[in-house]
Amino acid sequence: MLRPHLFVLAITLALAGCSKEKPDDKKVSASATVSDQTLKVTQEDLLLIHSNALSSGPVITGSVQPERKADLRAEISSVVLQVLKENGETVKRGDLLVRLDDTSIKDGLHSAEEAERAAVQTFDQAERQFQRLKTLRASGMTSTQQLEDAEIRRNNTQSDLVAAKARTVQARQQLQRTEVRAPFDGVVSERKVSSGDTAQLGKELVKVIDPTSLRFEGLVSADKVNQLKVGQSVSFHINGYGDQEFNGKIKRIDLAANPTTRQVEVLVTFNDSVQPRVSGLYAEGVVEASATQSLTLPSSAIVREGDKAFAWVLKDGKIHKTALTMGERDARHGDYAIQVGLKDGDRVIRNPISILKDGQPVQLVASATTQLPLALPGSVTTPAGQSAANSSGK
C-alpha cells in the first residue's frame, strides 16, 4: 500500500474535484477518469532503483549456541543445602553456586587427619630406632639381623604414612566438592536442583554459559556441501530479533553428515560485537557462495497480475505501468533481481495501490512530517498558499 497520507491525498483530491463541479457539468465529470487527477507523492513514496550485489548459496538453519558452556554435576552423593544463583544471574569465575551437605565428609576428614598424625608419630619412632641401631651396628654392639628388622619396620611405617596422607588429601577433595563453583565468567542458564534435593553422583545441578561466546550452529543439506568453504560469509536472521540481520563467517564444516537427516553441521562465528544475548534461538540464513551485480526491487513495489509482474515507474511527471522480467530472489533481503523493465536510476512507487492509472500525472510535494512535525499518520499535507486560498474562500 501507499503511505497513509498519500492514499488520503488521492481520495481528497478526487472528492474535491467532484465538489467543485457546476450543475451543468455533471454529465462531463461523470465520464472523467482518475487519471485526470494529479497524484501528489513525497520522496518517501518513491524508490530509487540501482544495482546491488545479489548473493546466492545454500540455505542454513539452526540455532545460536554458546561455545563455552558447562554442565555442572554432583561429584558426590549428598543433600543440597543451598542454591545461591538463579537462572539469568551473572556469575564470576569461582563464585559459589550450590552448597551440598558436608557433615559426613568433615567427619571423614577429621578421622583421616588423626590417622595421619598417628602415622607420623609411628614413622618418627621407627626412624629413630633404625638410626640408633645403625650407630650401634657400626660399633659392633648389635647384630645385623636387628638392624634389618628395624629398617623393615621403618619402611612399613613410611608406607602407612604415605597412605594416611593420601586419605587426608582425598577427604579434603571430597569436602571441596560439596561447594559447586562457577568455572568461568558467565550466566546461569539452567538451575536443576533446589534446597533439600538429594544429589546423587552425576546428577545435574546447574548450567553456566558464556554469552560472549555465542555462535550460529547450523545445518546445510548434504547436496550443497560442495559449495561450502571455510571463511565464507553468512547472513542470517534470528527468531526474536525481527528484521535485524546478523553476519558471520564459516569457522568449521563437519566432515560427517547426520546419519538421520543427511545434513552437515556448519559453525558460524559472528563478525562484529552485535550479538544476541539469548542462546538457543532459532536462526535461518544463507551462505554467500556466489554474488552477482543486478538491479533489485523489493516485493512490496511489485504488482502481480496472474503470472505477470509490473512496477509503477515515474517518468516525465507521470507514472507508467511497466512490465517486468524478474530473475531469482535474494534470500538475504527478499529482493528480486530485475532482468528487463527497469534501468539504473529509475524511480518507482514504493507501495502502489490499485487506484493508480497508467499515465496519471504526479506532483512531488514535501512530506507531511516536514511541514507538520506533529501530524498524525494519514494527515493531509496542504501547501501554505492553498490553505490561505481556502480560508479566503470561506
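Analyst: Here's a walk through the ring pairs, then the charges over rings, and then the nonpolar cores and a sheet. Keep in mind that this is a predicted model.

Let's start with the rings. The count comes to 5 aromatic pairs. One of them is Phe216 with Phe236, a tilted pair with 4.7 Å centre to centre and 40 degrees between the planes. Phe216 belongs to strand S13 (residues 214-221) and Phe236 to strand S14 (residues 233-238), so this pair ties together parts that are 20 residues apart in sequence. How buried are the two partners? Phe216 has a relative accessible area of 0%, so it's buried, and Phe236 counts as buried too, at 1% relative accessibility.

Tyr241 and Phe246 make another pair, this time edge-to-face: 5.6 Å centre to centre, with 85 degrees between the planes. Tyr241 is partly exposed, with a relative accessible area of 25%, whereas Phe246 is buried at 2%.

Arg154 lies over the face of Phe130, 4.7 Å from the ring centre. Over at Phe310, the charged end of Lys321 sits 4.8 Å from the centre of the ring.

Now for the nonpolar packing. The largest nonpolar core has 20 residues, and the members touching the most others are Leu72, Val80, Leu97 and Val98. Strand S5 (69-73), S6, S8 and strand S12 (204-209) each give two or more residues to this core. A second, separate core holds 18 residues, and Phe246 is among them, along with Ile60, Val220 and Ile253.

Leaving aside neighbours within four places in sequence, Val80 is in contact with Val98, Arg99, Leu100, Val193, Ser194, Ser195, Gly196, Asp197 and Ala199. As for the strands, S6 (residues 78-83) runs antiparallel to S8 (residues 96-100), with 3 bridges joining them. Across that pairing, Val83 stands opposite Val98 in S8.

Both strands sit in an open sheet of 4 strands, ordered S9-S8-S6-S11 with antiparallel pairing. Its edges are strand S9 (179-181) and strand S11 (198-199), each pairing on one side only.

Conventions. Residues numbered from 1 in each chain as written. Predicted model: local features only at pLDDT ≥ 70, side-chain atom pairs only at ≥ 80, totals over all residues. Heavy atoms only, no water. Pairing = 2+ DSSP bridges. Phe/Tyr/Trp six-rings, centres within 6.5 Å; stacked < 30°, edge-to-face > 60°. Buried < 20%, exposed > 50% of the residue type's maximum accessible area, 1.4 Å probe, protein only. Lys NZ or Arg CZ within 6 Å of the ring centre and 35° of its normal. Core = buried A, V, L, I, M, F, W, Y, C linked by side-chain atoms within 4.5 Å. Contact = heavy atoms within 4.5 Å.
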